Amino acid sequence: MIVKLYESNNNPKDIERIVDIINDGGIIIYPTDTMYAIGCHGLKERSIEKICKLKNIDPRKNNLSIICYDLSKISEYAKVDNATFKVMRRNLPGPFTFILNTSNNLPKIFRNRKEVGIRVPNNNIIREIVNALNAPIMTTTLPIGDDEIEYITNPELIEEKFGDDADIIIDGGIGGIEPSTVINCTNGELEIIRQGKGVLIS
């Protein structure tokens, strides 16, 4: 099922329906400021496990990431020092993933590596959903195979390929193909471990 959403003036009933699906353990596909992503409630371990299986992610070896509405909630889910927080404040919302040490409020699956990626995308669609959910969304980009690029950028083709894996697909227009810039902040210093769309202001 596809639902068309916009950067502003969305029907509250559409947002409510999506939030209900997420709260019920459902899987959603949605736009971000980088690429289309697949995600679920960030505090529901079973749903997270489903996505890990879909993308062949081993949470003991790979970092998992969450989307927060803004910086005010980050300290609930991750440990962040003042210097790192200032850098995050300068760059978010934006196309960045900051890897931080986890707090105890995230499910056990995140604590396998004791690290979590934090995203606050510059995309009002997914942020509006996260705000209404009042919880983070576990997020990962759509699996990229050998198919044409349209299958991860065009919502109708995304439905054709991933419709059986998701409970709802949010059409926010044509998506991008460049991932976020990933910054490791777990050792008190900022290290760019993947240069993507964003240029970090330090």
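Trainee: Which strands each supply at least two residues of the lining of the largest pocket?

Mentor: The strands are β4 (64–67), β6 (96–102), β8 (137–141) and β11 (191–194). Strands are DSSP E runs of at least two residues, helices are H or I runs of at least four, and both are numbered from the N terminus.

First, the ground rules. The model is predicted: local features need pLDDT of at least 70, side-chain atom pairs count only at pLDDT 80 or more, and totals for chains, interfaces and linings use all residues. Residues are numbered from 1 along each chain as its sequence is written, and side-chain values use heavy atoms, with hydrogens and water left out.

Now the pocket. A pocket is found on a 1 Å grid over the protein atoms alone: it is an open set of points where a 1.4 Å probe fits, with protein on both sides within 12 Å along at least five of seven lines. Lining residues have an atom within 4 Å of a point. The largest pocket has a volume of about 520 Å³; that is the space filled by probe spheres set on the points, which are joined across faces, edges and corners. Of its 23 lining residues, Asn63, Ser65, Thr140, Thr141 and Arg194 are the closest to the centre. By class, the lining splits into 10 nonpolar, 10 polar and 3 charged residues. Nonpolar here covers Ala, Val, Leu, Ile, Met, Phe, Trp, Tyr, Cys and Pro; charged covers Asp, Glu, Lys and Arg; the others, Gly among them, are polar. β8 gives the most to the lining, with 4 residues.

The buried residues of α2 (residues 45–54) are Ser47, Ile48, Ile51 and Cys52. Buried means under 20% relative accessible area, exposed over 50%, and partly exposed in between, with a 1.4 Å probe and protein chains only. Down the axis of α2, the buried residues fall within an arc of 145°, so they line one face of the helix. The arc is that of the directions from the helix axis to the C-beta atoms. These buried residues pack against β3 (37–41), β4, α5 (108–111) and β8, with contact meaning heavy atoms within 4.5 Å. The face turned away from the buried side carries the exposed residues Arg46, Lys50 and Lys53. Just after α2, asparagine 56 takes a positive phi of about 55°.

Next, β6. Phenylalanine 98 is in this strand. Its relative accessible area is 0%, so phenylalanine 98 counts as buried. Residues up to four places away in sequence aside, phenylalanine 98 touches Val87, Met88, Asn91, Leu92, Val116, Gly117, Ile118, Ile183, Cys185 and Leu200. Its C-alpha atom is separated by 9.5 Å from that of valine 120, 22 residues apart along the chain.

Phenylalanine 98 also stands out in the largest nonpolar core. A nonpolar core is a set of buried Ala, Val, Leu, Ile, Met, Phe, Trp, Tyr and Cys residues joined through side-chain atoms within 4.5 Å. This core has 39 residues, and Ile29, Phe98 and Phe110 touch the most other members. A second, separate core has 20 residues, including Leu5, Ile125, Ile126 and Ile137.

Proline 93 is found in the loop between them. The peptide bond from leucine 92 to proline 93 is cis, with omega near 0°. Pro93 is touched by asparagine 122, which also contacts Asp33 and Gly94, not counting residues up to four places away in sequence. Asparagine 122 lies in the loop between β7 and α6 (124–133).

Asparagine 134 lies between α6 and β8. Its phi is near 60°, a positive value in a residue other than glycine. Asparagine 134 counts as exposed, at 54% relative accessibility.
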